[in-house]
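Trainee: I am new to this structure and would be grateful for a close look at a single part of it. Could you take me through one region and its surroundings in a connected account?

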Amino acid sequence: MPKSIPSVRTRRAACLLVAGSLLSVHAAAGAKEEAWPAKPIRIVVAFAPGGLTDIIARAFQPRLAEIFGQPVIIENRPAAGGTVAEGAVARAEPDGYTLLMTADGVPANPHLYKGLSYDMFRDLQPVSQLVRIPLVMLVNPSLPVKSVKELVSFAAAAPGKYSYASPGAGTSNHLFFEVFKDMTRMDMVHAPYKGGSPAMTDLVGGHVQALLISATLAVPQALGGKVRALAVTSDKRMDALPEVPTFAEAGYPTFNPHQWTGLFVPAGTPPALVACIHQAFAKAAEAPDVRARLKELSAEPYMTTPEEFKQNLRKDYDMLGALIESKGITR
């Protein structure tokens, strides 16, 4: 879990001190000093309108505008797994006016997309993970399994006969299913789709047998009886699926990946501005309407410090990079 974050009152006082001063973000270049923020703030969202990352950004947007006292503009820049948006923000001025909201594919992208024009650790400054969503292991109801261990045994009895779906090659769903396969020596064939919805459709239709997907997509289908939920990656059972055990309860305590949404700014952004942006999002995450919207998505606020976020990214970068190389995964 993230380390404790300073109280809202402490963070607010620190941010007001920064915003109330004439903070020069271009002092080295001799730019005119001005209080921040003095103009609209742009959030570059790495995925298309209507996608989960976009929905989360728009849940935060009204509260952020109130906190900043400036309009907050959302700019969608989908393509290439988020690398187009990442590159755009990496090249932006480090003045606190351009932010990046993206998802958990960030640490895998440098391994999947060769020749990127930016370096994730050199050119982007992590601010915080913002939201996380547990994954749910689903199977088609016709499959004669009622637990994860039964699924592992069932698939092991017929190597290569059964398939699991994912929203696409190289997505976190794909990669973490491969991690689970390595943990259990389970042999299932990967069937990539162009998004979570078509993957779910084919699972419901029985064209594939299993799917590891976000609770956002899994819960409605599981409650409707169209799929069977075997386990969730959350620390405790989900309120929406109280009968479904955690992976720890199912006998796999080290398997606990989550999908997440995170916030970045261009490298070189002054630490005072990074702290102020972090505080603004932490405050917005506490708003009742934001929390209610996240709950509808089976998501939870999950604020980390910039350093914790950086450490998490490095850990996933190394782990996923080794997995991608060993299995020859490409986009």
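Mentor: Ser-234 is placed in the loop between β8 and β9; helices (H or I, at least four residues) and strands (E, at least two) are DSSP runs, numbered from the N terminus. The model is a predicted one, in which local features need pLDDT of at least 70 and side-chain atom pairs count only at pLDDT 80 or more, while totals for chains, interfaces and linings use all residues. Residues are numbered from 1 along each chain as its sequence is written, and side-chain values use heavy atoms, with hydrogens and water left out.

Ser-234 has a relative accessible area of 12% and is therefore buried, a term that means under 20%, whereas exposed means over 50% and partly exposed lies in between (1.4 Å probe, protein chains only). A polar atom of the Ser-234 side chain lies 2.7 Å from the backbone oxygen of Lys-236. Apart from neighbours within four places in sequence, Ser-234 is in contact (heavy atoms within 4.5 Å) with Pro-134, Thr-246 and His-258.

The next element to consider is β4. Strand β4 covers residues 124-139. Of its 16 residues, 15 are buried, so β4 is largely enclosed by the rest of the structure.

Which strands pair with β4, where two strands pair if DSSP finds at least two bridges between them? With strand β8 (residues 228-232), β4 runs antiparallel and is joined by four bridges; here Met-137 stands opposite Ala-231 of β8. With strand β9 (residues 258-266), β4 pairs in the antiparallel sense over nine bridges, and Gln-129 has Gly-262 of β9 as its bridge partner. Strand β7 (residues 210-214) is also an antiparallel partner of β4, over five bridges, with Val-139 bridged to Ala-210 of β7. Finally, two bridges join β4 to strand β10 (residues 300-301), again running antiparallel, and Arg-132 has Glu-300 of β10 as its bridge partner.

Glu-178 is found in helix α7 (residues 172-184), and its relative accessible area of 6% makes Glu-178 buried. The side chain of Glu-178 makes a polar contact at 3.3 Å with the side chain of Lys-327. A polar contact is a pair of N or O atoms within 3.5 Å; within protein, one must be able to donate a hydrogen and the other to accept it, and residues adjacent in sequence count only if both atoms are side-chain atoms. Not counting residues up to four places away in sequence, Glu-178 touches Tyr-164, His-190, Leu-323 and Lys-327.

Key:
Two strands pair if DSSP finds at least two bridges between them.
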